[in-house]
Amino acid sequence: MHRARVVLQASSKIGNSERFASWLIKNPQAVAMTINANRLKSSTAAEPFLNGSSSAYVETMYNNWLTDPNSVHASWDAFFRNATNGAQPGVAYTPPPNLAPYAKNEVPLTSLIPASGGMPSIASGSPINEKIIDDHLAVQAIIRSYQSRGHLVANLDPLGITTGDPVSSGDWHGGLRAFANEAVIRQHVRFDEADMDRVFKLPSTTFIGEKEKALPLREILNRLEQAYCNNIGIEFMFINSLEQCNWIRQRMEPPNVTKMSNDQKRLILARLSRSAGFENFLAKKWSSEKRFGLEGCEILIPAMKQVIDTSTKLGVESIIMGMPHRGRLNVLANVCRKPLHQLFTQFAGLEAEDDGSGDVKYHLGTYIERLNRVTNKNIRLAVCANPSHLEAVDPVVQGKTRAEQFYRGDNEGKKVMSILLHGDAAFAGQGVVFETMHLSDLPAYTTHGTIHIVANNQIGFTTDPRHSRSSAYCTDVARVVNAPIFHVNSDNPEAVMHVCNVAAEWRATFHKDVVIDIVSYRRNGHNEVDEPMFTQPLMYQKIRKTKPVLEIYADRLIKEGVVTAEEVKDVKDKYEKICEDAYNQAKQETHIKYKDWLDSPWSGFFEGKDPLKMSPTGVVEETLVHIGKRFSSPPPNAAEFEIHKGLLRILKARMEMVEKRTVDWALAEAMAFGSLLKEGIHVRLSGEDVERGTFSHRHHVLHHQKVDKATYCALAHLYPDQAPYTVCNSSLSEYGVLGFEVGYSVTNPNALVLWEAQFGDFNNVAQCIIDQFISSGQAKWVRQSGIVLLQPHGMEGMGPEHSSARLERFLQMSADDPDYMPPESPDYEVRQLHDCNWIVANCSTPASLFHILRRQIALPFRKPLILMTPKSLLRHPECKSSFDEMAEGTTFKRVLPEEGPASENPDKVRKVAFCSGRVYYDLLKERRDRGLEKDIAIVRLEQISPFPYDQLKSEISKYPNAQLVWSQEEHKNMGSWSYVEPRFRTLLRNQKQIRRKTQGGGWFSQLFGGSDAPQTDTQTETIPRIISYNGRATAASPATGSKAAHNKELKNLLDEFCVL
């Protein structure tokens, strides 16, 4: 419309102030009108029809015609004849027929003029009224307005609170039903009743006419009302693809598009009966139990089943679902077909048969393979277990879906898809929804389209939507990824089913996200024992007067003659009997089994394995050399691949290390990855800037300096038959991306999945995933994960937010008992690992990193690994390891003992400092500088949790006369101290120290520093051994922002370390 008005404004400047419509007929170039403002090279005012030369030419032609009509062209002859016969200005000229095809944005002028209705026609020779064109433009604007804003006045709310009741707006529209705020739609023009039967050509951007090219205005408005303002409201005009917009129009605009066959209607009724019947049965049997039922949104179950049916027809074989607690039991029962007796036993309060702490019934997941009876195809359904933290499961589901697509080779998402269910308040309020949405089109994270279903209760716990979001809809977050949004009234089951079909087809066609917003209500409070009238009295007065959707739909089908009242009752009774039978079966159970609720089974992984036998982690030197050389070389056979000069120096330095049989941190990591890839283990490294590494140390992806997108990854090309290697920079997200990688890690145990924080300090943005899924996932849901968290950590004067990965928090969540020292046994290490909830380590050597990464796969089970990684040590000259420490026969050392002069004469060692991580190198340098190598021994804990009691016991026994200290660079209320201190106390409980009394002071002064007088007394006494603290004082902030203060703190730490 705007472009057409540009034409109108430009044309209105023509001389003699002629009407636009009249000039258009006179102008020989206007028969095919170009509706594109960009094609106007100059205004018509700049080229007036009559100027000095053209008027003389016309006069000459006229005189020649008067003398002999045959002396001029036939067109001039016709023109002068018409003018002489009294034709009106602008009508005398008759253009020749135009046989050329019209361009893309051109329409014949005659198409804008109705064939009847009393208006002048071109053929009659009468001038066209400008109103014809304006009316057509107005109709096009109205059509577009319905498409863009029809959802604003659609009848979506089954309670009638937000939309209000339809009212008549007068009779100007011929009695057409409209809403009071119809100005939102038809704000452009007001037609008279006389206009309602005029025929208007339909633009190419609408499909309301189906095969008809023109319709009366009354029918146009009727069809638009039905398509956009009935029980479905569609937001899609923001999508920047004409193809996708037209695709939606084709499926939503034709008349009777939601019409269904009688068989389909009966299927909907049967599914709705099961959905409502399940909730009614639970309410009858366990009236005081929390179950977060689906009353008020029972249509969710038929909707999900419709999405699954349509997706299965289109080739999907596996569907991974994530959802909140509301309606979860119903989904498990009626969508997944979880055996009902297993569900009912969850209400019985029985003890568990297997290990784990378990979770409440409305958090549990499941995995089912079954036959889809509608499509007669097998389908695999998984519902991921999730905590009460709403939407936290979203990225986990996406990661699991992506992993399953990867292992199946489903690169387009045709076989595996995800469905995410949301509540309205959480979908709008939880930031992880936005983070997850933003992964949808990223190459290493896309799942090729997710179907989001919002069970829109129009309330969040007790909070009104007016106070819980600033957007018009709870679904507005989806607009950022161009996902179409279908709002639908839950009391119209057939409209819901149509929307589900379209959504499933959209996902299969475009492989992009789509949102179904089922506008419903919550018949009870937040849970079944909650009183909603305290805070929403008016809403719940309406709810109590509202008939359930099953009753509404059953009455409708009975009226239509599709079913009888007896058939409706029979369906209800049959399902109630099924529930009763399952209830009686459940009463026979004596225990519950957590494994029945496993959402990610690892078929064949545990079978035939010794649960306490670990595979070796050492690697033959030939493999180390091969990986090292490949990793240190530019792309083979690609001399034209131009690498940055700085990287060439790095590659050269790596090659020199390989030749010297040594590795630094980056090389050890690459060798761990490469050796696993050689063994067929898929490795995936994800996180912010991981391809290069935050500290520019990794460089797994080399970039051509002259060609965009030309890259080379050496680890992906080590061996012809190796497993795939994935290294991918993520979006700037911790919560969403870590959740994604957790989901990826639980899909296949034979993969090493790692997430690296840009700095360890930023892991607290993902604290929910760490707390609810990683640390406790196995205990709650019997779900193991071998995910590795790489956390750059170290107090190096970089300020409060670039120093600490909050090691203390991970250790505080470790589940081993500080007062219990496990009995020693040959399989002590593996048994400890088997019993723990995760592993926390702070390695100090590249060899330790190499072994602990490989140990993740060597274990006969899977445990998360929290690994503090260094920053300055990446280039520290002493932080290197020999091939001898990684070769065949070597293993991960949980404790690295003192190997210097102090170990040669342990009886004379006066202090043993236990430490972990990079502080070792500060202590080592200070001890060397002060010449205390024989007096102080330094023992490193490479693995902090589970606590290595067995190896520390032997180290403590080795130095009977030494005082024991724990040295750490973190503040006293942070780092490892609060974890190791009670465990050292347990270890030392039965360890006695024999000391000689001296004249210069007793053991107390020796232990904490005192007189240096020579010993003269030979008496001895047996005393208990204790461990003291050496490190920074307590603080609120993880680190100081002052470099001077940092250096002072470090000096104090080292001075105290050297006191004997």
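**Labels and their cut-offs**

Visitor: Why is Thr726 called buried?
Guide: Buried means under 20% relative accessible area, exposed over 50%, partly exposed in between, with a 1.4 Å probe and protein chains only. Thr726 has a relative accessible area of 17%, so the label is buried. This is a predicted model: local features need pLDDT of at least 70, side-chain atom pairs count only at pLDDT 80 or more, and totals for chains, interfaces and linings use all residues. Residues are numbered from 1 along each chain as its sequence is written, and side-chain values use heavy atoms, with hydrogens and water left out.

Visitor: What does Thr726 touch?
Guide: Contact means heavy atoms within 4.5 Å. Leaving out residues up to four places away in sequence, Thr726 touches Phe406, His682, Val683, Arg684 and Leu685.

Visitor: Which strand does Thr726 lie in?
Guide: That's β17, residues 725-729. Strands are DSSP runs (E, at least two residues), helices too (H or I, at least four), numbered from the N terminus.

Visitor: What makes β17 an edge strand?
Guide: Two strands pair if DSSP finds at least two bridges between them. The open sheet runs β17-β14-β18-β19-β21-β20-β26, with mixed pairing. Its edge strands, β17 and β26 (943-945), each pair on one side only.

Visitor: How do you know that β14 and β18 pair?
Guide: Strand β14 (residues 682-687) and strand β18 (residues 751-756) share six bridges, in the parallel sense, and the definition asks for at least two. Gly687, for example, stands opposite Glu756 in β18.
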